[in-house]
Amino acid sequence: MSVTQAESDETLIARIAKGDRLAMQVLYGRHHVRVYRFGLRLVRHEQIAEDLISEVFLDVWRQAGKFEGRSAVSTWLLAITRFKALSALRRRKDVELEDEAANAIEDTSDDPEVAAQKKNTGEALRKCLTALSSDHRDIIDLVYYHEKSVEEVAEIVGIPENTVKTRLFYARKKLAELLKAAGVERGWP
């Protein structure tokens with residue numbers, strides 16, 4: 001995210017704090033897909049993830065005046081999403097959540113053999129990711145899928161930076177072991 005983007009998001013938050021609906025629409029348009037995808041990875045249920053979007057942006061509308069600017073707005077949004085997702089999971093312990101991870105999208109420029117290899121590798125990767133502990137899976141998700149820095153992950157998850165680094169190290173090590181056991185070699189076809 002560029003510095004201009006971050007400043008623009010902060011400006012939008014300030015306008016939202018004053019009740020500016022247009023600023024809320026712009027912020028929503030800019031970040032709702034990321035919030036949805038992150039929420040979906042956490043709760044693994046499309047309807048719950050859609051509900052999370054509403055809850056997160058309702059909180060933004062209500063709490064914009066309390067945003068202190070100590071982090072990027074996107075980091076703040078993902079922290080709210082994580083909190084809401086964990087709360088939703090605690091409320092729904094009795095409901096078994098289905099694993100609705102996205103299927104690998106075939107690349108039209110690849111021949112069928114390479115596309116099949118990619119799909120199998122993607123499925124193996126998703127399966128191996130689910131075998132990680134939730135702490136390790138969250139760290140991997142934020143670092144690799146949401147491109148968050150160690151500092152931002154520490155803020156989102158609410159743990160020290162050194163703990164993030166340690167979990168990331170062990171998560172990578174465990175993921176490599178799981179992928180090797182699943183027959184996936186390093187690299188992508």
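Accessible areas come from the Shrake-Rupley method with a 1.4 Å probe. On this basis, the protein, examined here as a predicted model, exposes about 11,700 Å², and carbon and sulfur atoms supply 49% of that area. Of its 189 residues, 35% count as buried.

The fold contains eight helices and zero strands, giving the pattern α-α-α-α-α-α-α-α along the sequence. Among contacts between residues at least 6 apart in sequence, 64% join residues at least 24 apart.

Two residues were considered individually. Lys 148 is located in the loop that runs between helix H6 (134-145) and helix H7 (150-157). This lysine is buried but has no salt bridge. The side chain of Lys 148 instead forms a polar contact of 2.9 Å with that of Ser 74. When residues up to four places away in sequence are set aside, Lys 148 touches Arg 34, Ser 74, Thr 75, Leu 78, Leu 142, Val 143, Val 153 and Ile 156.

Tyr 145 belongs to helix H6. Its relative accessible area is 39%, and the residue is therefore classed as partly exposed. Residues up to four places away in sequence again being excluded, Tyr 145 touches Arg 41, Leu 125, Leu 129 and Ile 140. Tyr 145 and Phe 38 are separated by 107 residues in sequence, while their C-alpha atoms are 8.7 Å apart in space.

Notes
Residues are numbered from 1 along each chain as its sequence is written. This is a predicted model: local features need pLDDT of at least 70, side-chain atom pairs count only at pLDDT 80 or more; totals for chains, interfaces and linings use all residues. Side-chain values use heavy atoms; hydrogens and water are left out. Helices (H or I, at least four residues) and strands (E, at least two) are DSSP runs, numbered from the N terminus. Buried means under 20% relative accessible area, exposed over 50%, partly exposed in between (1.4 Å probe, protein chains only). Contact means heavy atoms within 4.5 Å. Lys and Arg count as positive and Asp and Glu as negative; His and the chain ends are not counted. A salt bridge is a side-chain nitrogen of Lys or Arg within 4 Å of a carboxyl oxygen of Asp or Glu. A polar contact is a pair of N or O atoms within 3.5 Å; within protein, one must be able to donate a hydrogen and the other to accept it, and residues adjacent in sequence count only if both atoms are side-chain atoms.
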